[in-house]
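The points are grouped by topic, with cut-offs given where a term is first used.

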Amino acid sequence: MRTIKFFAYSLMITSGIVLTSCGDDDGGGSSLPPIGGYNSADEVGADNLLAYFPLDGNGEEIISGTMPNNSSSVSYIDDAIKGQGANFNEGFLSYPSISALSNTLNSFTISTWAKVTNNGQSGSVFFTLTRPNEWAGNINFLAETGWAQPTSDSITVKGQIVSNNELAWQDTRNAIKVSPEDAEAGQVAFPNKVGGQWMHAVLTWDGATRMFKVYVNGQKISNPAWEERGTPESPAFLFTTPTYPVIGAFGTTANGTATDAWDKGLMGQLDEMRVWNKALNGADINALYELELAGR
């Protein structure tokens, strides 16, 4: 029987007949191998996922079903990472308060796909959870594209928290370059040459260890000398409330009170933005990158 089956299969191949399989022997499951133990990006940190903005044709946060209540200069493109993505022409998407994001996140992860370029003038804000009457939110995730000239393809990706207590302002980012003296002191350069390209950018804050890290395309890029923030005596991260999310700008741009030339909407593209209430580990972040890159 095995010989007959093999002959029949060979005959089909030589005759130009192509066989496809939709699953395993019992008709279920996926034919694609897992990546990092996951079949899709939706499985990564699923129990801790607070918000998901696919940016597929609109700005809906699909876990809560919240739509933007204010937006400017945003359109949707087909050539994004997964489905559609959002194109910002000095634009933003601003939301009402979302309950899952309205209280202090003692630990968190924010991930997004972003395509930005240096401009020598202003930063490129990916996401912020606003503070009342302040430009910097409780959490800020951005690229410092105003620090370098447009001829540079090295992108500085930065995270910043502003705590409503003695922990105060803390940030983390990659160093484009370091001096020999800085290198001897433990600093590490990561040029991060992704200007004008889609990059998978991730920001993590672990409240227990006070470690603040940045990842791009599955790799940790933050300067290790700047990752441990505060002191062992520092209090936990504490939000100023009320707070609401903005994609593509600081709160002052979104509410029309910006007065500084650098405080403007994003010029660039974003896709697949997610927020968790835990600091994902490096293996999960790399799996998320690989899965979303594969459209899964």
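Asparagine 106 touches Trp205, Asp206, Gly207, Ala236 and Phe237, leaving aside residues up to four places away in sequence; contact here means heavy atoms within 4.5 Å. This is a predicted model, in which local features need pLDDT of at least 70, side-chain atom pairs count only at pLDDT 80 or more, and totals for chains, interfaces and linings use all residues. Residues are numbered from 1 along each chain as its sequence is written, and side-chain values use heavy atoms, with hydrogens and water left out.

**Asparagine 106**
- Asparagine 106 sits in the loop between E3 and E4; helices (H or I, at least four residues) and strands (E, at least two) are DSSP runs, numbered from the N terminus.
- Asparagine 106 is partly exposed because its relative accessibility is 42%; buried means under 20% relative accessible area, exposed over 50% and partly exposed in between, with a 1.4 Å probe and protein chains only.
- Asparagine 106 and asparagine 277 are 171 residues apart along the chain, and their C-alpha atoms are separated by 7.5 Å.

**Chain and confidence**
- The chain has four helices and 13 strands.
- Of its 296 residues, 45% are buried.
- Among contacts with a separation of 6 or more, 68% are between residues 24 or more positions apart.
- The average pLDDT (the predictor's confidence in each residue, from 0 to 100) is 91, and 90% of the residues score at least 70.
- Over residues 1–29 pLDDT stays under 50, and the model has seven contacts beyond four places in sequence for this stretch.

**Nonpolar cores**
- A nonpolar core is a set of buried Ala, Val, Leu, Ile, Met, Phe, Trp, Tyr and Cys residues joined through side-chain atoms within 4.5 Å.
- The largest one has 41 residues, and Phe108, Phe126, Phe127 and Val157 touch the most other members.
- A second, separate core has 11 residues, including Ala41, Val44, Ala287 and Leu291.

**Aromatic pairs**
- The whole structure contains 13 aromatic pairs; rings of Phe, Tyr and Trp (its six-membered ring) pair if their centres lie within 6.5 Å, and planes under 30 degrees apart count as stacked, over 60 as edge-to-face and the rest as tilted.
- Phenylalanine 108 and phenylalanine 212 pair edge-to-face, at 6.4 Å centre to centre and 85° between the planes.
- Phenylalanine 108 belongs to strand E4 (residues 108–115) and phenylalanine 212 to strand E10, so this pair links distant parts of the chain by the DSSP element numbering, and both residues are buried.
- The pair of tryptophan 135 and tryptophan 169 is tilted, because the ring centres are 5.9 Å apart and the planes are at 50°.
- Tryptophan 135 is in the loop between strand E5 (124–129) and strand E6 (139–143), and tryptophan 169 is in strand E8 (residues 169–173), 34 residues apart.
- Tryptophan 135 is partly exposed at 30% relative accessible area, and tryptophan 169 is partly exposed at 43%.
- One aromatic cluster is formed by Phe108, Trp205, Phe212, Phe237 and Phe239.

**Salt bridges**
- There are 11 salt bridges in the structure; each is a side-chain nitrogen of Lys or Arg within 4 Å of a carboxyl oxygen of Asp or Glu.
- Glutamate 90 and lysine 264 form a salt bridge with an N to O distance of 4.0 Å.
- Glutamate 90 is in strand E3 (residues 85–94), and lysine 264 is 174 residues away in the loop between helix H3 (251–254) and strand E13 (266–276).
- Glutamate 90 is partly exposed at 41% relative accessible area, as is lysine 264 at 24%.
- In the salt bridge of arginine 210 with glutamate 228, the closest N and O atoms are 3.3 Å apart.
- Arginine 210 is buried at 12% relative accessible area, whereas glutamate 228 is partly exposed at 48%.

**Around arginine 274**
- Arginine 274 forms a salt bridge with glutamate 292, with the closest N and O atoms 3.0 Å apart.
- Glutamate 292 is in helix H4 (residues 282–293) and arginine 274 in strand E13, 18 residues apart, and both are buried.
- Asp42, Glu272, Arg274 and Glu292 are linked in a salt-bridge network.
- Arginine 274 also lies over the face of tyrosine 52, at 4.0 Å from the ring centre; a charge sits over a ring if NZ of Lys or CZ of Arg is within 6 Å of the ring centre and within 35 degrees of the ring normal.
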